[in-house]
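Good morning, and thank you for coming. Please turn to the sequence and the structure on the screen while I describe them.

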Amino acid sequence: MDKVLLDVFVEHHNRGDQGQNGWKPHVYNAAIKAIHDKRGLHVTKEKICSRMKTFDKHCATISKILSQSGFGWDWVNNKLLMDSDDVWNKYVQANPKAACYKNKEVKNWEAILTIYSKDHATGDGAMTGAESAAQPIELDEVVVEASPELPPKRQRTGNAILCMLGEMKGSFQDAMKSLETLELPKVTPPLEILAALEKIPDLARSDMLRAYGKLILSERLFQALMELPMEFRKEWLLMLNEKNNV
């Protein structure tokens with residue numbers, strides 16, 4: 001069902017049917033019809049929305065992981081690749097909610113990336129405006145002594161507002177610090193690496209996949225490949241595969 005659902009949303013994404021307020025109503029109708037026609041299943045708009053939120057979560061979490069050095073995507077087994085367990089353990093220590101993605105199979109990643117990559121271009125973990133508005137502002141601990149010069153109620157309200165503004169200023173400054181641009185090592189997107197391999201004449205599919213598994217883990221190896229003339233690339237990749245006994 002997921003593939004049929006995502007195929008519909010990718011098609012309408014390419015048509016520009018996704019606005020600032022979400023998907024246009026006819027997109028959901030098209031998805032409901034496609035699932036019924038191709039899978040014989042009756043689904044509701046609510047169920048589709050729930051499934052799309054799951055895809056959105058996958059994109060946010062995995063995209064953030066792939067932006068870090070030492071990670072890649074296994075297009076054959078539909079899961080993350082990593083240089084070592086040490087790299088993963090260090091990442092999960094800083095991002096514990098991502099722990100379940102170590103061996104998690106996420107199918108249709110290319111379609112998910114097509115639909116949601118723009119939404120998560122600035123990274124995962126930042127609170128949306130709606131989520132920020134939903135956070136409660138706690139004023140229960142604001143204690144103001146009565147003043148003989150002002151009515152008690154007016155004094156409490158004024159000080160509470162000042163305290164709240166001070167907290168908001170501090171929270172805003174902390175949020176701005178968390179959004180400061182971090183210098184990350186250059187990581188070539190997996191799709192770009194795959195496209196480069198597909199351009200190499202007469203490269204067998206098995207050799208392409210073996211080479212792909214190495215290049216997504218080493219930016220330097222990929223740069224070395226791209227510096228070679230096209231007629232040398234196949235021979236170099238075969239030597240690379242043979243050298244590593246893969």
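Predicted model: local features only at pLDDT ≥ 70, side-chain atom pairs only at ≥ 80, totals over all residues.

Let me begin with a question: are α3 and α5 roughly parallel or roughly perpendicular to each other? The axes of helix α3, residues 45–66, and helix α5, residues 109–116, cross at roughly 95°. Angles of 65 to 115 degrees count as roughly perpendicular, and α3 and α5 are therefore roughly perpendicular to each other. Their axes come within 9 Å. On the α3 side, the contact is made by Met52, Phe55, Asp56, His58, Cys59, Ile62, Ser63 and Leu66. On the α5 side, Trp109, Ile112, Leu113, Ile115 and Tyr116 take part. By residue class, this contact between α3 and α5 has 10 nonpolar, 2 polar and 1 charged.

The protein chain has 246 residues, and buried residues make up 28% of them. It contains 11 helices and 4 strands. The accessible surface of the chain comes to about 16,800 Å², and carbon and sulfur atoms account for 53% of that surface. Consider also the contacts between residues at least 6 apart in sequence: 57% of these join residues at least 24 apart.

I now turn to a second pair of helices. At what angle do helix α8 and helix α10 pack? Helix α8, residues 190–198, and helix α10, residues 219–227, pack at an angle of about 35°, and their axes are 12 Å apart. The crossing of α8 and α10 is left-handed. From α8, the residues in contact are Glu192, Ile193, Ala196 and Leu197, and from α10 they are Phe222, Leu225 and Met226. This contact of α8 with α10 comprises 6 nonpolar residues, no polar ones and 1 charged.

Finally, I would like to consider the backbone. Most residues other than glycine have a negative phi. Asn78 is located in the loop between β3, residues 71–74, and β4, residues 79–82. Asp202 is likewise a residue other than glycine with a positive phi, near 60°. Asp202 belongs to the loop between α8 and α9, the latter being residues 205–215.

Is Asn78 buried or exposed? The relative accessibility of Asn78 is 19%, and Asn78 therefore counts as buried. For Asp202 the relative accessibility is 69%, so Asp202 counts as exposed.

Thank you for your attention.

Terms used
Residues numbered from 1 in each chain as written. Heavy atoms only, no water. Axes fitted to C-alpha atoms, helices over the stretch in contact; angles between N-to-C directions. Helix = DSSP H or I, 4+ residues; strand = E, 2+ residues; numbered from the N terminus. Parallel < 35°, antiparallel > 145°, perpendicular 65-115°, else oblique. Contact = heavy atoms within 4.5 Å. Nonpolar A, V, L, I, M, F, W, Y, C, P; charged D, E, K, R; others polar. Buried < 20%, exposed > 50% of the residue type's maximum accessible area, 1.4 Å probe, protein only. Areas by Shrake-Rupley, 256 points an atom, 1.4 Å probe, with all protein chains shown as cover. Left-handed = near helix turned anticlockwise from the far one by under 90°.
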